[in-house]
Amino acid sequence: MHSYISSPGKTAQILSRYGIRLKKSLGQNFLIDTNSTKKIISYANVNADDVILEVGSGIGSLTEILLPRIKRVVCIEIDNLLIEAFKDIFKESLGKKIQLIQADALKLNYTDIAGKHKINKVISNPPYSIAAPLILKILIEAEDIKKLFITIQKDIAERLIASVGDKNYSSYTVKSNFLADFNFCFQISRNCFLPKPFVDSVVVEASRKDNKALMEKNFKTGDFFDFVNGCFLHRRKKLVNSLSQSNTRYCHKLELVIKLLSEIGKNRDVRAEELYLKDYISLYKKLNT
Ligand code: SAM
């Protein structure tokens, strides 16, 4: 019977053969449960036309299951030792079905990479420390990537799906939800990872939103995000106070902001975590007309 890389035995064998000691600093928690790796790929509904971006490919636990089902995969990995093992394990597919890029995933330009390789989907189990900014970065930069299936620790997922008033509701929630809809696919127990993390993970599906109509009306995503960041500058303080102390071009438009807040039924004491995404969009549009 075929023994998958994501089986505990095969992972252990590979780590020992290549002398790999997993690094906590790089969030190297490998999936060692083939049911989970297969389930991720099945949720992602991949097909023979898909070109996938996999950030943090490690020793290829997900890559191996993906490979026979897709056109190509572009793998990003930072760790030298894992790169060497990966190259050896997948030598037949390298440069053909697999493009391997050794880099820090947060320093790459996804407009260029997605354009060059015609990537249309992300399937990734990224390291904990970069997962949140990475999701936002890919959504901002790679407009042709419409779907992301990301395995993330539960606390990050809670920030993505938090609702107004929730303790996890933040500027991150507003910005990511401006760009995409997020959906919980399923949970993966911490026992399915090596080494075992402190919390369980979930697979989240991000579906890019079509903001074309907004953009045609001179809506600038970067400037909108500055505005949202300004509103959330000091958690649990009044939005207007945060904005006044922010380094944004909106810090001098407080009277107008207060007037616009009243138009959406909010008074000047409202806090940033009390406004919905649609409220931020409406405020921003009116501030810029
Ligand atoms: N895909 C494998 C799996 O599912 O078992 C490994 C996932 S592991 C959670 C995250 C991987 O990301 C590790 O292989 C780690 O070396 C790599 N990594 C960590 N920081 C990175 C960074 N800044 N850029 C690219 N890869 C990174």
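Accessible areas come from the Shrake-Rupley method with a 1.4 Å probe, and for residues only the protein chains shown count as cover.

**View 1. The surface of the chain.** This is a predicted model, where local features need pLDDT of at least 70, side-chain atom pairs count only at pLDDT 80 or more, and totals for chains, interfaces and linings use all residues. Residues are numbered from 1 along each chain as its sequence is written, and side-chain values use heavy atoms, with hydrogens and water left out. The protein chain has an accessible surface of about 13,900 Å², and carbon and sulfur atoms hold 50% of that surface.

**View 2. The fold as a whole.** Look for 13 helices and nine strands in the protein chain; these are DSSP runs numbered from the N terminus, with helices (H or I) of at least four residues and strands (E) of at least two. Along the principal axes, the C-alpha atoms fill a box of roughly 70 × 35 × 30 Å.

**View 3. The inside of the chain.** Of the 289 residues, 52% are buried, meaning under 20% relative accessible area (1.4 Å probe, protein chains only).

**View 4. Helix 4 and its cover.** Helix 4 spans residues 80-89, and its buried residues are Leu82, Ile83, Ala85 and Phe86. They sit on the same side of helix 4, because they cover an arc of only 165 degrees around the axis, judged by the directions from the helix axis to the C-beta atoms. Their cover includes strand 1 (30-31), helix 3 (61-66), strand 3 (72-77) and strand 4 (98-102), where contact means heavy atoms within 4.5 Å.

Methods: Buried < 20%, exposed > 50% of the residue type's maximum accessible area, 1.4 Å probe, protein only.
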